[in-house]
Amino acid sequence: IVQSALVVIVVVSMPISTFQLSEMVEYTLLHSRFEATVAAYRKSFKVLIITVALCLGMAIAIAIPSFGTVIGILGCVTISLLSFVLPPIFHLRLVSKYPSDTNQLSLFERGKHYAMITLGVLVMITGTVTSVLAVI
């Protein structure tokens, strides 16, 4: 029952993640330089991106039979990035982009941000290496 539920979740959520992927790749590669020339091939390009993403996902699923290990690898990377690395980076970028008297960071506050980024990267690397070694 649990495996059936996981299959349903993956099948239902896959179009959402592949749509975002295809939109980001299309915007990055085609937005500025080739807008007019690639307009006719836009749908084919999206299908190609989604097909490559699905094939890559299937290859990973076949190569790593343990679902817990895959979740461990994804969790180490995504949770560390979303919780520890990206928020201080965004805050530092926003403060430097919009300087004013009220949002200046002291040297101690900048140090805390850089320490959080460093800690997050170290946790991400350690957890990912541990999860990958569990596969091997």
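Is Gln104 buried, partly exposed or exposed? At 46% relative accessibility, Gln104 counts as partly exposed; buried means under 20% relative accessible area, exposed means over 50%, and partly exposed lies in between, with a 1.4 Å probe and protein chains only. This is a predicted model, in which local features need pLDDT of at least 70, side-chain atom pairs count only at pLDDT 80 or more, and totals for chains, interfaces and linings use all residues. Residues are numbered from 1 along each chain as its sequence is written, and side-chain values use heavy atoms, with hydrogens and water left out.

**The chain**

- The chain has 4 helices and 0 strands, where helices (H or I, at least four residues) and strands (E, at least two) are DSSP runs numbered from the N terminus.
- Of its 136 residues, 18% count as buried.
- The accessible surface of the chain is about 10,200 Å², and 76% of that belongs to carbon and sulfur atoms; such areas come from the Shrake-Rupley method with a 1.4 Å probe, and for residues only the protein chains shown count as cover.
- Among contacts (heavy atoms within 4.5 Å) with a separation of 6 or more, 65% are between residues 24 or more positions apart.

**Helices α3 and α4**

- Helix α3 covers residues 67-97 and helix α4 covers residues 107-135; they pack at an angle of about 170 degrees, with axes 9 Å apart.
- Axes are lines fitted to C-alpha atoms, for helices over the stretch in contact, and angles run from 0 to 180 degrees between N-to-C directions.
- α3 and α4 are therefore roughly antiparallel to each other, a term for angles over 145 degrees, while under 35 is roughly parallel, 65 to 115 roughly perpendicular and the rest oblique.
- The 29 residues of α4 should span 42 Å at 1.5 Å a residue, and the end C-alpha atoms of α4 are 42 Å apart, which agrees; the expected span is 1.5 Å times one less than the number of residues.

**Buried residues of α4**

- The buried residues of α4 include His113, Ile117, Gly120 and Met124.
- These buried residues pack against α3.
- His113 has a relative accessible area of 15%, so His113 is buried.
- Beyond its neighbours within four places in sequence, His113 is in contact with Pro88, His91, Leu92 and Leu105.

**The loop at Gln104**

- Gln104 sits in the loop between α3 and α4.
- Leaving aside neighbours within four places in sequence, Gln104 is in contact with Pro99 and Glu109.
- From C-alpha to C-alpha, Gln104 and Leu92 are 9.9 Å apart, and in sequence they are 12 residues apart.
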